[in-house]
Amino acid sequence: MKIGFLGGTGPEGKGLALRFAMAGHEIYIGSRDVTKSKEVSSELIGKLETILPEAPKIHGETNKNSCLYSEIIFITVPYNAQYQLITNLKKEITEQIIVNTVVPMSFENGKPSIIDVKEGSAAQQVQTLIPNTRVISAFHNVSAVELSKPNAIIEGDVVICGEDKEAKEIIMNLTKTIKNLRPIDGGDLTNSSIVENITVLLLSINKRYKTRTNIQIKGIT
């Protein structure tokens, strides 16, 4: 599939882009600064060209072009940049599936805390801004650091929330293309606030135990 990353030069965008490129998808790294996105695309190609049988298809583009060229769009910017980003790209986002990975949080004295979102969650804010699109909430709890290491084994569950059943199924199948990640249907988009908030808890645990954690849900086969 053709997958675009808005704000794809940050840790989460780079990590997910690398993993999906490893799975054979065509990637568009989006940024306000196309020079930076091209640098990141070259960086990712350099990581993968010696371990893949074919050259990965990773392109550095503007955020606008990444929308226009992609079937699936990942939003991977910090929460405080999301509103303006989506407002600027309303005309370019039409029939694509939008995957929101954004966590509304801030840091004070190195401690993460949750930001209250009027719409309920970061994903619901996107749905409110562009109401006629298919918004899916996913990939909040997967370590960007581990995603960025091609040889790292990542095990865990990805909770996926959304209203559109077809779009959710597509993203669940897409998740399976990253080895050892299991998609879990988390219900409607209203549940996305719960998943987003878990990220803040995991970050606190990671700091305390000096590790990188993920979530696994028991009892589902």
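Reader: Let's start with one residue. Is valine 195 buried or exposed?

Author: The general idea is to look at how much of a residue's surface is still accessible, with under 20% relative accessible area counting as buried. Valine 195 has 7% relative accessibility, so it counts as buried. Keep in mind that we're looking at a predicted model.

Reader: Where is valine 195, and what does it touch?

Author: Valine 195 sits in helix α8. If you skip residues up to four places away in sequence, it touches His140, Asn141, Val159 and Cys161. Take cysteine 161: valine 195 is 34 residues from it in sequence, yet the C-alpha atoms are 8.9 Å apart in space.

Reader: Okay, zooming out. How many helices and strands are there in the protein?

Author: Eight helices and 10 strands. As for overall extent, the C-alpha trace spans about 40 × 40 × 40 Å along its principal axes.

Reader: What does the radius of gyration tell me about the 221 residues?

Author: Here you compare a value with what a rule expects. A compact globule of 221 residues would have a radius of gyration near 17 Å, and this protein has 16 Å, so the two agree. Burial is another thing to check: buried residues make up 52% of the 221.

Reader: And what share of the contacts join residues at least 24 apart?

Author: Take the contacts between residues at least 6 apart in sequence: 75% of them join residues at least 24 apart.

Reader: What about the outside? How much accessible surface does the protein have?

Author: About 11100 Å², and 51% of that belongs to carbon and sulfur atoms. For charge, count the side chains: there are 25 positive and 24 negative ones, and the centres of the two sets lie 5 Å apart.

Reader: Now the inside. Which residues have the most contacts in the largest nonpolar core?

Author: A core is read as a set of buried nonpolar residues joined through their side chains. The largest one here has 32 residues, and those with the most contacts inside it are Phe5, Phe20, Ile27, Phe74, Val99, Phe139 and Ile171. Several elements give two or more residues to this core, including β1, α1, β2 and α7. The most comes from α1, which gives five residues.

Reader: What does valine 99 touch?

Author: Leaving out residues up to four places away in sequence, valine 99 touches Ile72, Ile73, Phe74, Ile75, Ile136, Ala138, Phe139 and Ile171.

Reader: How should I read a helix in general?

Author: An α-helix has 3.6 residues a turn, so residues three or four places apart point the same way. Now try α5, residues 122-129: seven of its eight residues are buried, so this helix is largely enclosed by the rest of the structure.

Reader: Which residues of α5 are buried, and what do they pack against?

Author: The buried ones are Ala122, Ala123, Gln124, Gln125, Val126, Gln127 and Leu129. They pack against β4, α4, β5, β8 and α8.

Reader: Let me try serine 41. Where is it, and what is it in contact with?

Author: Serine 41 is in helix α2. At 6% relative accessibility, it counts as buried. Beyond its neighbours within four places in sequence, serine 41 is in contact with Ile58, His59 and Gly60. Its C-alpha is also separated by 6.6 Å from that of isoleucine 29, 12 residues apart along the chain.

Reader: What is phi of asparagine 180 near?

Author: Phi is a backbone angle to read residue by residue. For asparagine 180 phi is near 75°, a positive value in a residue other than glycine. Asparagine 180 is in the loop between α7 and β10, and its relative accessible area of 36% makes it partly exposed. Lysine 210, in the segment after α8, has a positive phi too, near 55°. Lysine 210 is exposed, with a relative accessible area of 74%.

Reader: What is arginine 212 in contact with?

Author: Arginine 212 is found in the segment after α8 and is partly exposed, at 45% relative accessible area. Neighbours within four places aside, arginine 212 is in contact with Ser143, Val145, Glu146, Lys149 and Asn206.

Methods: Residues are numbered from 1 along each chain as its sequence is written. This is a predicted model: local features need pLDDT of at least 70, side-chain atom pairs count only at pLDDT 80 or more; totals for chains, interfaces and linings use all residues. Side-chain values use heavy atoms; hydrogens and water are left out. Helices (H or I, at least four residues) and strands (E, at least two) are DSSP runs, numbered from the N terminus. The radius of gyration is taken over C-alpha atoms; the globule rule is 2.2 Å times the number of residues to the power 0.38. Buried means under 20% relative accessible area, exposed over 50%, partly exposed in between (1.4 Å probe, protein chains only). Contact means heavy atoms within 4.5 Å. Accessible areas come from the Shrake-Rupley method with a 1.4 Å probe; for residues, only the protein chains shown count as cover. Lys and Arg count as positive and Asp and Glu as negative; His and the chain ends are not counted. The place of a charge is taken as NZ of Lys, CZ of Arg, CG of Asp or CD of Glu. A nonpolar core is a set of buried Ala, Val, Leu, Ile, Met, Phe, Trp, Tyr and Cys residues joined through side-chain atoms within 4.5 Å.
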